[in-house]
Amino acid sequence: MQVGIDMGTLTGGASAKLDIEELLATRLLVQGNSGSGKSHLLRRLLEQSAQWVQQVIIDPEGDFVTLSDRYGHVVVDGERSEAELAGIADRIRRHRVSCVLTLEGLDVEQQMRAAAAFLNGMFDADREFWFPVLVVVDEAQMFAPAVGGDVSEDARKMSLGAMTNLMCRGRKRGLAGVIATQRLAKLAKNVAAEASNFLMGRTFLDIDMARAADLLGMDRRQAEMFRDLQRGNFVALGPALSRRPLPIVIGDVETSARSSSPKLMPLPDALPDVEDLIFTPDPEEFTRPIVRRAPPAPRPTTDILAELSRSTPAAMSPVGGSEPGAPSRGAEMSSEEREERLAAVLAEILGDPQAAYRTDSVLYQEFLVRARMRRVSGPPMPMGEFRRRVAISRSGVDEETAASAGWAMALDLSVRVSDDLQGVFLLLAKAALLSEECPSDHRIAKAYGTHSSRRARRLLGYFEEQGLVVVHTDFSGKRIVAFPDLEAETQPGDPNLLDVDAPTQSAAE
Ligand SMILES: Nc1ncnc2c1ncn2[C@@H]1O[C@H](COP(=O)(O)OP(=O)(O)OP(=O)(O)O)[C@@H](O)[C@H]1O
Ligand SMILES: [Mg+2]
């Protein structure tokens with residue numbers, strides 16, 4: 001049966017046909033620089049031929065998964081064991097189902113292994129299932145690289161072997177390779193050479209142009225025409241396309257790629273509190289695992305400062321005691337005196353009205369520097385301890401409450417949230433223990449170092465998810481926060497109240 005699918009238009013307007021049956025026997029190579037329209041071309045080919053032939057797409061970017069809604073392709077996620085992938089590939093052949101193997105999100109070596117396992121699985125199918133399949137491989141230079149790269153030799157061999165099987169030995173088994181590449185010079189020669197049909201798009205580099213000319217049997221000057229091709233324009237040659245080089249313009253597609261070329265778009269209007277948006281973490285970030293992509297991070301400034309302040313008192317301390325009139329040096333400081341000075345430094349820092357909106361690490365650096373200036377002896381206060389003191393101080397707890405058993409329990413509970421959230425937690429716990437009105441969103445936000453009320457409400461939601469509090473509302477719409485473990489709850493408080501003068505700190509120590 002001869003089926004000529006419509007790939008687009010020829011100069012003059014006639015439709016450009018591609019003979020599918022011939023294609024199954026003679027394979028196709030598409031080449032063109034990034035953005036020349038290769039993936040679009042493959043999509044056109046797949047859409048036009050979907051009703052005629054089974055299709056398998058090896059899709060490094062997950063672009064072709066959109067075929068599934070319209071044409072029923074099964075989407076196979078490549079993040080599976082090699083045995084699993086080979087098994088799926090075998091069943092794909094048995095049941096003659098079209099599919100997209102998406103390798104999005106895998107690293108290059110994993111992509112190569114997954115593609116190889118899948119291609120080999122199809123290749124090894126029992127003879128009775130050797131029905132024709134179009135096997136489309138986008139970014140083929142990745143799976144059949146001309147030279148070894150950063151990936152392991154083992155992965156490269158496996159992937160190159162599978163691609164060679166597809167292109168050189170696949171025909172008898174019904175597998176028809178259609179491969180696309182940005183850089184012909186980067187594609188293994190033996191893989192490229194097995195295609196008898198070509199669609200050549202815009203090509204800039206001489207080395208790619210030379211390879212294209214060799215493959216097409218053109219002289220190199222003739223191949224210069226590839227340089228000036230527009231996006232979506234290709235030169236077709238081969239038994240399934242045309243006996244002579246024929247310019248064609250690829251037609252439209254029905255489905256869209258998931259990714260497209262970047263388009264310029266206006267930036268959003270200037271945001272009022274942009275620093276607040278960027279520097280204030282969301283509560284979810286604390287539960288999100290940290291993915292390390294880079295070599296170990298440089299040492300934080302706070303560590304370096306901590307180390308400096310650790311060594312200085314000893315180094316600076318003159319042998320034999322302090323100078324008259326100078327503040328007493330580290331060595332002679334009693335623990336009470338030290339504590340007093342630390343508390344004074346802390347109160348000084350938190351006394352600044354802007355302190356509520358500074359990050360803890362900025363405050364900590366300031367704290368270390370000032371403690372050094374006051375010649376506070378001994379090891380510097382660790383960041384965790386500092387945050388804890390700031391949190392206690394910000395909660396505004398008085399001395400009597402601070403000495404109570406309820407407060408001790410609140411402190412214990414506060415350890416269950418991350419350092420950054422302890423201030424807010426203790427603020428609410430204090431209000432509950434003292435039967436005060438529930439702090440407003442504005443007040444909670446301030447304790448968290450932000451202006452955003454929305455974030456304040458999310459914090460409450462987060463504490464509730466952790467099972468630390470129960471938030472409810474009375475009939476007049478006022479909020480109550482209950483602490484089941486403390487057997488205490490706040491008085492109803494208006495969440496929308498703007499309390500400009502709310503105290504931000506008091507010396508708890
Ligand atoms: N014939 C065409 N008609 C209309 N739009 C097209 C045509 N060809 C390509 N485009 C559009 O141009 C953009 C780039 O095309 P495409 O993604 O196919 O390039 P590519 O050659 O696959 O690039 P890369 O190698 O970077 O993947 C896409 O947004 C695509 O929709
Ligand atoms: Mg592409």
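Analyst: Happy to! Keep in mind that this is a predicted model. The chain has 20 helices and 14 strands, and buried residues make up 47% of its 509 residues.

User: Why is Leu 41 called buried?

Analyst: Its relative accessible area is 0%. You will find Leu 41 in helix α2, residues 38–49.

User: What is Leu 41 in contact with, leaving aside its neighbours within four places in sequence?

Analyst: The partners of Leu 41 are Met 7, Val 30, Leu 199, Phe 234 and Ile 250. Contact here means heavy atoms within 4.5 Å. Take Ile 250: it is 209 residues from Leu 41 in sequence, yet their C-alpha atoms are 6.3 Å apart in space.

User: How do you know whether Asp 19 is buried or exposed?

Analyst: Use the cut-off again: Asp 19 has a relative accessible area of 15%, and buried means under 20%, so Asp 19 is buried. Asp 19 belongs to strand β2, residues 15–19. Its C-alpha atom is separated by 9.7 Å from that of Ser 242, a residue 223 places away along the chain.

User: What makes Arg 96 count as partly exposed?

Analyst: The relative accessibility of Arg 96 is 45%. Partly exposed is the range between buried, under 20%, and exposed, over 50%, so Arg 96 falls in that middle class. Arg 96 sits in the loop between α4 (82–95) and β6 (99–102). Its phi is near 55 degrees, a positive value in a residue other than glycine.

User: And what about Glu 139: which phi does it have, and is it buried or exposed?

Analyst: Glu 139 has a positive phi of about 55 degrees, although it is not a glycine. With 16% relative accessibility set against the 20% limit, Glu 139 counts as buried. Its place is the loop between β7 (133–137) and α6 (140–143).

User: What makes a group of residues a nonpolar core, and how many residues has the largest one?

Analyst: The members must be buried nonpolar residues joined through side-chain atoms within 4.5 Å. In the largest nonpolar core there are 53 residues, and Ile 58, Phe 118, Met 163 and Phe 226 have the most contacts inside it. Helix α5 (residues 108–123) gives the most to this core, with nine residues. In soluble globular proteins, nonpolar side chains tend to be buried together.

User: Which residues does Phe 226 touch, not counting those up to four places away in sequence?

Analyst: Among them are Met 200, Thr 203, Met 209, Leu 216 and Val 235. Gly 201 and Arg 202 are touched by Phe 226 too.

User: How do you know how α13 and α15 cross?

Analyst: Two packed helices are described by the angle between their axes and the distance between the axes. The axes of α13 (residues 335–351) and α15 (residues 383–395) come within 11 Å and cross at roughly 65 degrees. The crossing of α13 past α15 is right-handed. Glu 339, Leu 346 and Leu 350 make the contact from α13, with Phe 386, Arg 389, Val 390, Ser 393 and Arg 394 from α15. By class, that contact has four nonpolar, one polar and three charged residues.

Technical notes:
Residues are numbered from 1 along each chain as its sequence is written. Chains are lettered from A and ligands numbered from 1 in the order in which they are written. This is a predicted model: local features need pLDDT of at least 70, side-chain atom pairs count only at pLDDT 80 or more; totals for chains, interfaces and linings use all residues. Side-chain values use heavy atoms; hydrogens and water are left out. Helices (H or I, at least four residues) and strands (E, at least two) are DSSP runs, numbered from the N terminus. Buried means under 20% relative accessible area, exposed over 50%, partly exposed in between (1.4 Å probe, protein chains only). Axes are lines fitted to C-alpha atoms, for helices over the stretch in contact, and angles run from 0 to 180 degrees between N-to-C directions. A crossing is left-handed if the near helix is turned anticlockwise from the far one by less than a right angle, and right-handed if clockwise. Ala, Val, Leu, Ile, Met, Phe, Trp, Tyr, Cys and Pro count as nonpolar, Asp, Glu, Lys and Arg as charged, and the others, Gly among them, as polar.
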